[in-house]
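Here are my notes for you, point by point. Keep the model open while you read, and look up each residue as it comes along.

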Protein chains: 2
Amino acid sequence: MKALADILAELSRGGFRITRARRSMIEVLIGSRLPISAEGLLASLIKQRVPANKTTVYRELNFLKERKIVQEIQFLHERVKRYEVVFGSHHHHLICMGCKSVEDVELDGELEKYERDIMKSRGFKVLNHALEFMGLCEACR
Amino acid sequence: MKALADILAELSRGGFRITRARRSMIEVLIGSRLPISAEGLLASLIKQRVPANKTTVYRELNFLKERKIVQEIQFLHERVKRYEVVFGSHHHHLICMGCKSVEDVELDGELEKYERDIMKSRGFKVLNHALEFMGLCEACR
DNA sequence: TTGCTATTGCAACTAAGTTGCATTAATATG
DNA sequence: CATATTAATGCAACTTAGTTGCAATAGCAA
Ligand SMILES: [Mn+2]
Ligand SMILES: [Mn+2]
Ligand SMILES: [Zn+2]
Ligand SMILES: [Zn+2]
């Protein structure tokens, strides 16, 4: 579980500045248990009286994405992109079509088996994948 | 492999009209081996001198999607949605990051096993999923 | 042929994100 | 601390992808 201080130290070492907006955005991202959109992030900052701007939010999200601090997620049923802090292990999402909640799932060892099969049978080298499950959560069934 | 005539007959039975634009769009969708975007579809129609319009294309794609004649695909690395005719079996895609080619893969029986596990362990009922693999095709490795 | 109404085209609009540029503010250095 | 350097910011204008209202057009059943 990557902590705020670690991320800031890493950025600082890279010659990047720790601004109010940057710190707050990373805080919000760490604190949000669902992947959050740019708009949601901006709203969250404004609520905390952190002066912030749409452009800054988008630029910062791209910055953090390039540095693999956050990952971008595109839910099939949505138009906006969402972001979440990249913790150790890669995972996927269960999206409830009832209440729109999102849960994490890990099932990666398994997918790697398919990826090897795909390599063997088609010569296609898988480097990355995106997987999301849509359905109904326990409460909504 | 669903043929043009079958799709048109099905729509006709439903009380929908077989217009020039509708027929041509379905033809293009059937003929395109990669999922195609609205813009690509429009360009394709114009090249064939079928009078068509952006609004019509978007409306028709939504119409065909609602009727499960086409499925909408959102590639993670793209901003636009793509569409392909739904043939019998559900499948996924291998997207080459080198040449941008797209191949189909089927591995569904397997994913259903995970979906049952997710149900058992989390009480989440999976109704649908989206999976795509990004990597390098045989030619691009 | 005609009437009903599904479909179309246009222009105007929205949503999500990007860009150029002048200004501000972190932070390294003396 | 003072100051210079340049990373980061804010604003307005722009772009891209898709949507909507509405009047005109055109399938198709009778
Ligand atoms: Mn997650
Ligand atoms: Mn396909
Ligand atoms: Zn739910
Ligand atoms: Zn390739």
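1. Start with B:Glu72, which makes a salt bridge with B:Lys65, their closest N and O atoms lying 2.8 Å apart. A salt bridge here is a side-chain nitrogen of Lys or Arg within 4 Å of a carboxyl oxygen of Asp or Glu. B:Glu72 is buried, at 18% relative accessible area, while B:Lys65 is partly exposed, at 29%. The cut-offs for those words are under 20% relative accessible area for buried, over 50% for exposed, and partly exposed in between, with a 1.4 Å probe and protein chains only.

2. Before going on, note what you're looking at: this is a predicted model, where local features need pLDDT of at least 70, side-chain atom pairs count only at pLDDT 80 or more, and totals for chains, interfaces and linings use all residues. Residues are numbered from 1 along each chain as its sequence is written, chains are lettered from A and ligands numbered from 1 in the order in which they are written, and side-chain values use heavy atoms, leaving out hydrogens and water.

3. How confident is the predictor about chain A? The average pLDDT (the predictor's confidence in each residue, from 0 to 100) is 93 for chain A, and 99% of the residues score at least 70. Helices (H or I, at least four residues) and strands (E, at least two) are DSSP runs, numbered from the N terminus.

4. Back to charged pairs. B:Arg67 and B:Glu66 join their side chains in a salt bridge too, at 3.7 Å from N to O. B:Arg67 is partly exposed at 29%, and B:Glu66 is exposed at 58%. Over in chain A, A:Lys65, A:Glu72 and A:Lys81 are linked into one network by salt bridges that share partners. Over all chains, the structure holds twelve salt bridges.

5. Which pair joins the two chains? B:Glu103 and A:Arg122 meet in a salt bridge at 3.1 Å, N to O. B:Glu103 sits in strand 5 of chain B and A:Arg122 in helix 5 of chain A, so this pair joins two chains. Both ends are partly exposed: B:Glu103 at 23% and A:Arg122 at 27%. Between chain A and chain B the count is two salt bridges.

6. Now the whole interface. Chain A and chain B each put 38 residues into the contact, where contact means heavy atoms within 4.5 Å. Together they bury about 3400 Å², with 64% of that on carbon and sulfur atoms. A:Tyr114, A:Arg122 and A:Phe124 supply 21% of the area that chain A buries against chain B, more than any other three residues. Buried area is the accessible area (1.4 Å probe) that two parts lose on being put together, summed over both.

7. Have a look at the hairpin in chain B. Strand 4 (residues 92-96) and strand 5 (residues 102-105) of chain B pair in the antiparallel sense over four bridges; pairing takes at least two DSSP bridges. B:His92 stands opposite B:Val105. Five residues lie between the strands, and B:Lys100 in the turn has a positive phi of about 65°.

8. A:His93 is buried at 4%, whereas A:Asp104 is partly exposed at 36%.
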